[in-house]
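Work through the exercises below with the sequence and the 3D view open. Try each task before reading its solution.

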Number of protein chains: 2
Amino acid sequence: MTTHFNNLSTDWVLQDNERSLKLFREGVVDNVLSTMFLYFGDDDMTRAAAYLCGIMTHTGIPFERVDSTQSPSDTLLQKPCDAFILSDYPRERFQSGQLETIVSAVKNGAGLAMFGGWESYYGLLGEYHETILAEVLPVTMLKADDRRNFSQGVLLSPVQTHPILDNLPWETPPFVGGLNEFSIKPEAKVLLNGLPLSIRKNDGRFDFSLDTKTYPMLVVGEYGKGRTVTLATDVAPHWVGGFVDWGTERITQNLPNGGFVEIGNDYATFFAQLLRWVGKKTA
Amino acid sequence: MTTHFNNLSTDWVLQDNERSLKLFREGVVDNVLSTMFLYFGDDDMTRAAAYLCGIMTHTGIPFERVDSTQSPSDTLLQKPCDAFILSDYPRERFQSGQLETIVSAVKNGAGLAMFGGWESYYGLLGEYHETILAEVLPVTMLKADDRRNFSQGVLLSPVQTHPILDNLPWETPPFVGGLNEFSIKPEAKVLLNGLPLSIRKNDGRFDFSLDTKTYPMLVVGEYGKGRTVTLATDVAPHWVGGFVDWGTERITQNLPNGGFVEIGNDYATFFAQLLRWVGKKTA
């Protein structure tokens, strides 16, 4: 099994984002483990992975990434890191004992975030519901295809205040196009609910309503000394929907491979705050 | 310059879709030029191109494709074909005289469809607004960045009846996430308008309204004996939004590269009807 990391070196990020890295460090100086994230998932950096790579680069978070076609090396998993990000990463890529290594790091204070997608939670083929992550994540995964698509969109709606949700215009919420369905564990906190929109045209006018069924969209918890985050939707198209363009300003972030990503500033702020939060130990 | 076609042979399509090909042929028997489409654009068949490849395969439309990184050969352009599809295909890939060859075929009865994207119309870098297609398409392209993103979505709303719009549940319309803006030529017909949604949360409840500014989304016209279609949004994520999941049934279409695409049945019907329509000569 080959191990592949993208050629984005930590040095490159440090050099390119000195100012934002400084801000990041100032925010986490008390309880940071190191200044490195391990990002598993999405495909190459010109596609789905461009979004999270762009945000981490823009926010000044150094990271290493293992793309969805590759398995991590045991050496990589033993590096100290602030948080593990799993985003559309097939469960079968993890070799025996590797998820246990991650869980052990989380117990000792590393954060763990899972973002939605066809290869997350249960997903298309059955992924994480029978792994040790079922114990660690703040949600209970379904035991069947949990993918839900919405041709009329799902609004993101805050349930309580939280540092991940700060400084964002929730009075004009974005929509997403799909999600993985799961239920919340008793000790977890739901931060965002997903409210499916129903739009019907009657006699030339549109009637708008919200479905009575809602979906937990962003849930946070703790496991040992580590923080956990589960996001039901995808960080990238197509499920991300209009969320990726949320904000009145556009951010264009160059990537080291010569590509770039163009996103809304509120989308970038949301994920930057999420990553900063999950990268800290519990108090 | 290398010319590359995907390895989807016409024979393969014929064999795999005998029944739907028969239906397709029955529908176009009077005024079909041949039974081949030339599809320019999108990236490899596991990504953006999977959608249109999936629909054409499912509908039984034989096609050859030139992906967005490649230029067509002159030989390919001289094959008789029912219609040219340009979907997110960089203008600069066309060599000198090639767009003129396409236009000449359209004048003689081949259809021409352009679908939206960062490499369509004006797009990100300036694409087709100064080419001969400005004369042929039924819309007037902007002379500046025409990309429009909507974090709260844009509803698709029919303006008049048309074979492309038949048999679809427009009373429960899907949303898209973005589009290229253009204006309509006097002789063209707008079939679909895009209505941007405004959602605002006030005192815990959501107020829904539609913006007064609307966008032409689907426009049809004629050029010589050829039919022309312009779609403002993308056939693929991210602009396609929830449109790709429109329909109560899911269609999973295997692709010859071993991949597959999963889409809503109403989305598939829309594009199948569009392709059938544009593949016919004008009366």
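**Exercise 1. Count the polar contacts across the interface of chain B and chain A, then describe the side of chain B that touches chain A.**

Solution. 

Step 1. The rule finds 12 residue pairs in polar contact across this interface, both residues at pLDDT 80 or more. A polar contact is a pair of N or O atoms within 3.5 Å; within protein, one must be able to donate a hydrogen and the other to accept it, and residues adjacent in sequence count only if both atoms are side-chain atoms.

Step 2. Now list the elements. β6 (147-158), β7 (175-180), β9, β10 and β14 (260-264) of chain B each give two or more residues to the side that touches chain A. Strands here are DSSP runs (E, at least two residues) and helices are runs of H or I (at least four), numbered from the N terminus.

Step 3. β6(B) gives the most to this side, with nine residues.

Step 4. Sort the residues of this side: 20 are nonpolar, 10 polar and 10 charged. Ala, Val, Leu, Ile, Met, Phe, Trp, Tyr, Cys and Pro count as nonpolar, Asp, Glu, Lys and Arg as charged, and the others, Gly among them, as polar.

Before going on, note the ground rules. This is a predicted model: local features need pLDDT of at least 70, side-chain atom pairs count only at pLDDT 80 or more, and totals for chains, interfaces and linings use all residues. Residues are numbered from 1 along each chain as its sequence is written, chains are lettered from A and ligands numbered from 1 in the order in which they are written, and side-chain values use heavy atoms, without hydrogens and water.

**Exercise 2. Find how many residues each chain gives to the contact, and how much area is buried.**

Solution. 

Step 1. Chain B gives 40 residues and chain A gives 40 residues. Contact means heavy atoms within 4.5 Å.

Step 2. About 3200 Å² is buried between the chains, and carbon and sulfur atoms give 61% of that area. Buried area is the accessible area (1.4 Å probe) that two parts lose on being put together, summed over both.

Step 3. Look for salt bridges (a side-chain nitrogen of Lys or Arg within 4 Å of a carboxyl oxygen of Asp or Glu). Two occur between chain B and chain A. One of the pairs between the chains is B:R147 with A:E262, at 3.1 Å from N to O.

**Exercise 3. Work out how chain B is related to chain A.**

Solution. 

Step 1. Superpose the copies by least squares on the C-alpha atoms of residues with pLDDT of at least 70 in both.

**Exercise 4. Trace the strand partners of β9(A).**

Solution. 

Step 1. Two strands pair if DSSP finds at least two bridges between them.

Step 2. β6 (147-158) of chain A pairs antiparallel with β9 (189-202) of chain A over five bridges. A:P158 has A:L192 as its bridge partner.

Step 3. β11 (215-223) of chain A also runs antiparallel to β9(A), joined by five bridges. There, A:G194 stands opposite A:Y215.

Step 4. β10 (205-210) of chain A pairs antiparallel with β9(A) over six bridges. In the hairpin of these two strands, with two residues between them, A:D203 takes a positive phi near 50°.
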